[in-house]
Amino acid sequence: MDQEILLAQIRQIDPQNQISPKKTDLIALEITATSLHEVMRTMRKQPDLSFDMLCSHTAVDWLENGFELIYVLYSTQFRQSLMIIVNIPRENPVIPTVSNIWLAAEAQEREVFDLFGVQYDHHPDLRRLFLEDDWVGYPMRKDYKDDFMLESAE
Amino acid sequence: MGLVAQMDQISGGSFILTRMDEVINWARANSLWPLVFGTSCCAIEMMMATGAARHDLARFGAEVVRPSPRQADLLILAGTIVKRMAPRLRTLYEQMAEPRYVIATGACTISGGPFVYNSYTTIRGADQIIPVDIYVPGCPPRPESLLYGILALQKMIKSGESLREPGIRKKPVVSELPPGVKLEDITLELRQILGDEGITNIPEEIARREWSTGL
């Protein structure tokens with residue numbers, strides 16, 4: 001995949017979008033939260049990209065640096081992978097859903113909501129997936145604590 | 001209980017009853033039907049120990065693994081038990097017909113293992129939910145350890161419950177195979193433990209344990 005063409009595509013949507021400076025195995029794009037939905041639609045629909053598969057979606061909690069949402073896309077036609085990174089603030093983390101672009105995103109976004117508490121805008125069925133419905137808090141956040149947990153003895 | 005009442009009237013009836021206990025316990029010990037309860041990596045090791053040919057569990061009469069608690073009398077816990085699984089485990093245990101025996105294999109099942117600290121889900125030891133008879137340590141335990149655990153359970157059953165006091169059983173036994181220890185030493189020690197240790201009342205034990213925390 002030509003990175004220049006890819007970069008031009010995403011710059012067109014939002015000039016702040018860029019190729020990620022981080023060391024990653026895949027080509028990684030860092031894009032803004034507001035342009036996520038349009039970028040994703042372009043990745044899926046545009047014939048010379050056609051990333052028709054969402055391999056995985058997860059989040060990383062960087063505490064004061066907010067949440068990092070990671071989408072890994074794959075094109076079964078061109079056999080290429082692409083990573084999309086979005087940084088969102090830790091307080092009131094809201095992001096548009098991509099479940100209307102890839103249906104597989106529905107369950108994966110529910111999992112991230114379950115464990116990190118990321119709110120997905122326009123998600124059709126955003127509720128707990130693995131934990132009980134009345135669970136308080138989001139346990140994969142790094143500052144999560146509850147009465148059941150034992151602190152390490154060291 | 002009709003049988004017990006009749007035998008009590010025969011002089012020396014207690015002698016006959018003791019023999020009955022022995023026969024019944026012998027039958028129970030040699031036809032253990034385990035219930036499938038594998039939740040993680042220990043289950044793979046357990047399946048190798050029970051199912052495969054090399055460490056054939058059928059030699060000890062415990063190979064008929066049942067998917068239904070109604071048909072099983074031995075619960076082999078293999079794997080981490082989490083908060084959400086705990087009520088289901090308790091239900092399975094209560095559905096099993098008496099007398100029922102429990103073997104806990106592996107570090108996670110015995111104590112929570114590597115997930116003791118800073119885990120929001122892992123139950124710290126299966127004996128917080130149900131009474132456990134045999135603990136088989138290891139991560140996961142070697143097949144030999146599990147077989148040794150089954151043998152220890154068989155010995156426990158054979159010297160265990162009586163018709164007069166069903167549910168009154170010997171205390172839990174730790175089944176571990178330390179290095180450099182001979183089989184005779186183990187046999188001697190085991191006999192001593194089974195003989196000297198106090199007894200436990202299973203129905204009381206069940207009633208004493210609360211349902212899993214926070215549920």
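**Labels and the values behind them**

Guide: Let's start with chain B: among its contacts (heavy atoms within 4.5 Å) with a separation of 6 or more, 80% join residues 24 or more positions apart. Chain B has eight helices and seven strands, counted as DSSP runs of H or I with at least four residues for helices and E with at least two for strands, numbered from the N terminus. A word on the ground rules: this is a predicted model, where local features need pLDDT of at least 70, side-chain atom pairs count only at pLDDT 80 or more, and totals for chains, interfaces and linings use all residues. Residues are numbered from 1 along each chain as its sequence is written, chains are lettered from A and ligands numbered from 1 in the order in which they are written, and side-chain values use heavy atoms, without hydrogens and water.

Visitor: What makes Arg90(A) and Asp143(A) a salt bridge?

Guide: The term asks for a side-chain nitrogen of Lys or Arg within 4 Å of a carboxyl oxygen of Asp or Glu. Here N and O are 3.1 Å apart, so the pair qualifies. Arg90(A) sits in the loop between strand S5 (80-88) and strand S6 (94-96) of chain A, while Asp143(A) is in the segment after strand S7 (119-121), 53 residues apart.

Visitor: Why is Arg90(A) called buried, and what is Asp143(A) called?

Guide: Buried means under 20% relative accessible area, exposed over 50%, and partly exposed in between (1.4 Å probe, protein chains only). Arg90(A) has 15%, so it is buried. Asp143(A) has 46%, so it counts as partly exposed.

Visitor: And which label does each partner get in the salt bridge of Arg100(B) with Glu98(B)?

Guide: Their closest N and O atoms are 3.5 Å apart. Arg100(B), at 7%, is buried, whereas Glu98(B), at 58%, is exposed. Back in chain A, salt bridges with shared partners join Asp61(A), Arg90(A) and Asp143(A) into one network.

Visitor: How much area do the two chains bury?

Guide: About 1200 Å², 60% of it on carbon and sulfur atoms; this is the accessible area (1.4 Å probe) lost on putting the two parts together, summed over both. In chain B, Arg84(B), Tyr117(B) and Tyr120(B) lose the most area to chain A, together 50% of what that side buries. The contact takes 13 residues from chain B and 16 from chain A.
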